[in-house]
Amino acid sequence: DLRSAYIVAEDLALRKIQQEAEIPLMRYVNIGDAEFNAVCIDKDLITCVEVTFVVTPDIKQKKISKILKKLASAKSTLRRIREGSRIRLLLVIVTQLDREGEAKLRSSLVSKFTSTPVDVDIRLLDFHVLQQVYAEE
């Protein structure tokens, strides 16, 4: 079922990000009113991690707008409580798409992030590859 696949995909994606970051990743963190799947703090840079799981080559603009609204709120909160901090978004998209679908998704993302309140890093991860890598552990 799609719900349990999403839960597994999110966990595996966060494991991968944690491994690559080589610094602690705190899961399910609120910055003010904004809740993120994870947050990573490296000196004055706060990276907010949002994971989404897609099975079609599209992410609705409504979902992107919701994420950007959370970022704007978090940025405002951080300005008050942690002066001098920078904030960025790491959007991790876990897919089950073929190459053509992934290419279509990549091209659609460019137009969805034209104006953002923070720097955005987008990572696409393949669900099957994540399962293979972490099933061996």
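A residue is called buried under 20% relative accessible area, exposed over 50% and partly exposed in between (1.4 Å probe, protein chains only). The model is predicted: local features need pLDDT of at least 70, side-chain atom pairs count only at pLDDT 80 or more, and totals for chains, interfaces and linings use all residues. Residues are numbered from 1 along each chain as its sequence is written, and side-chain values use heavy atoms, without hydrogens and water.

**Cysteines**

With a disulfide taken as a pair of cysteine sulfur atoms within 2.5 Å, the count is zero.

**Nonpolar cores**

A nonpolar core is a set of buried Ala, Val, Leu, Ile, Met, Phe, Trp, Tyr and Cys residues joined through side-chain atoms within 4.5 Å. The largest has 25 residues, of which Ile31, Phe36, Leu71, Ile93 and Leu105 touch the most other members. At least two residues each come from β1 (25-31), β2 (34-42), β3 (45-54), α2 (61-81), β4 (86-95) and α3 (99-112); these are DSSP runs numbered from the N terminus, helices being H or I of at least four residues and strands E of at least two. The largest share, six residues, is supplied by α2. Another core lies apart from this one; its 19 residues include Val49, Leu125, Phe127 and Leu130.

Beyond its neighbours within four places in sequence, Leu105 is in contact (heavy atoms within 4.5 Å) with Val54, Pro57, Asp58, Ile59, Ile93, Thr95, Leu97 and Leu124.
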